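User: Could you take a close look at the ligand site for me, and then at how the domains meet? I'd like the cut-offs too, please.

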Amino acid sequence: MSKELIRLTQCTMAFDGEVVLNSMNLVINDKEFLTLLGPSGCGKTTTLRIIGGFVTPTSGDVCFDGVRINDVPPHKRAVNTVFQKYALFPHLNVYENVAFGLRIARGKNSRLSKAEIDERVMEMLAVVSLKGFEHRDVSSLSGGQQQRVAIARALVNRPKVLLLDEPLGALDMRLRKDMQNELKRIHEAMGITFINVTHDQEEALAMSDTVVVMDGGEIQQIGSPEAIYNEPVNAFVADFIGESNIVDGTMISDGVVEIFGRKFKCLDKGFGENEPVDVVIRPEDVDIVNVKDGMLTGTVTNTTFKGVHYDVIVDFKGFKWLIQTTDFCPIDSRIGIKIDPDGIHVMKKSQYSGMFGDYSSYSAEYDDIGDAEYMPEEETAEVESYEA
Ligand code: ATP
């Protein structure tokens with residue numbers, strides 16, 4: 001069981017009377033890789049800045065190792081930050097950029113010898129895979145290499161926590177993927193806590209032990225990447241973390257939910273009888289079958305080849321779903337679908353209900369859109385009700 005390191009209790013942040021972080025409670029464990037994920041303006045950078053000591057919360061407590069640190073300035077916290085704009089010193093080479101943190105620390109707390117500085121810098125350059133680059137001019141490095149220098153410089157003081165503010169935001173897609181793996185490896189090698197901020201859900205899922213999904217200055221969900229993806233708590237989280245079809249449903253009883261007037265088996269329990277709910281169905285959890293075998297039937301309005309699979313837009317009674325399949329489905333064809341109970345996830349209604357999960361506008365992005373007809377009688381005739 002990991003030990004608690006940082007605790008935010010009822011942290012609220014207001015700028016000019018406007019609340020941008022609302023009573024946040026968050027516990028971060030020692031050695032955890034935690035990512036604050038959310039859209040622009042949701043308050044994730046403000047949370048990071050509160051932990052770093054760059055801003056003081058309007059109310060609430062920040063504790064480190066059980067000690068309240070609201071009034072402790074950034075340089076006295078066992079925390080270092082890597083920014084999206086690396087802020088390297090252009091007139092110093094790689095070695096001196098990394099050594100800088102140690103040289104300024106020298107006067108204050110520790111008096112490191114030249115040999116000790118050399119050992120620590122070389123150790124950090126090895127951790128970020130930049131051995132042999134020590135004499136290079138930083139302006140001659142690629143974006144990814146500059147980012148590694150920034151990480152080495154932040155780690156060389158041996159902080160207990162590394163704060164990463166959109167560290168991969170300036171890199172192109174390919175490099176970003178490489179650096180995701182690198183950051184995971186560096187985290188393991190260092191054995192300290194990493195707190196990362198991003199709006200990129202794929203990055204959050206790929207790197208983190210724990211993902212904190214935020215919106216409107218509030219935490220929506222905290223969990224492992226798997227839990228956040230498979231069991232989102234509301235339509236916002238479901239939509240933000242990957243593609244999802246989100247439809248209205250009614251919970252008939254434990255393990256049975258009704259969608260489009262049909263009953264589907266699911267694994268969810270503990271809702272009220274006949275409680276209105278939001279139902280999430282991920283595009284990859286829908287199987288395409290013959291019309292006669294389908295739990296629902298619909299009309300294909302668009303098919304796009306994506307390499308690994310096709311993105312197929314299917315119209316069910318005017319509601320468009322995204323289905324990902326390796327089967328080719330021509331436009332205008334009628335298809336049946338099947339969904340296993342574990343492909344259905346039921347959520348409580350929330351302030352986000354009805355706002356996400358319809359692919360009508362998605363299909364409009366394509367040039368050739370089939371205009372699916374609404375055929376209630378035909379639907380009713382073709383669809384076999386699935387009785388649990
Ligand atoms: P982004 O991904 O765009 O950086 P974010 O989720 O990190 O977004 P924050 O930077 O935490 O969001 O900002 C949250 C809100 O607080 C925004 O509306 C922002 O304009 C506001 N804000 C942040 N810092 C200040 C400040 N110093 N003064 C006034 N408003 C601020």
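Analyst: Happy to! The ligand is surrounded by F15, V20, P39, S40, G41, C42, G43, K44, T45, T46 and E166, where a residue belongs to the shell if one of its heavy atoms lies within 4 Å of the ligand. This is a predicted model, in which local features need pLDDT of at least 70 and side-chain atom pairs pLDDT 80 or more, while totals for chains, interfaces and linings use all residues. Residues are numbered from 1 along each chain as its sequence is written, and side-chain values use heavy atoms, leaving out hydrogens and water.

By class, that shell holds four nonpolar, five polar and two charged residues, with Gly counted as polar and Cys and Pro as nonpolar. Helix α1 (residues 44–52) contributes the most to the shell, with three residues; helices here are DSSP runs of H or I, at least four residues long.

Now the polar contacts, meaning pairs of N or O atoms within 3.5 Å. An N or O atom in the T46 side chain is 2.6 Å from a ligand oxygen, a polar side-chain atom of K44 is 2.7 Å from a ligand oxygen, and a polar backbone atom of G43 is 3.0 Å from one. The protein covers 56% of the 640 Å² of accessible area that the ligand has on its own, by the Shrake-Rupley method with a 1.4 Å probe.

As for the domains, the assignment, automatic or from a database, gives domain 1 (4–229) and domain 2 (231–369). Between them, 15 residues of domain 1 are in contact with 12 of domain 2, contact meaning heavy atoms within 4.5 Å.

Technical notes
Polar contact = N/O pair within 3.5 Å; in protein donor to acceptor, adjacent residues only side chain to side chain. Helix = DSSP H or I, 4+ residues; strand = E, 2+ residues; numbered from the N terminus.
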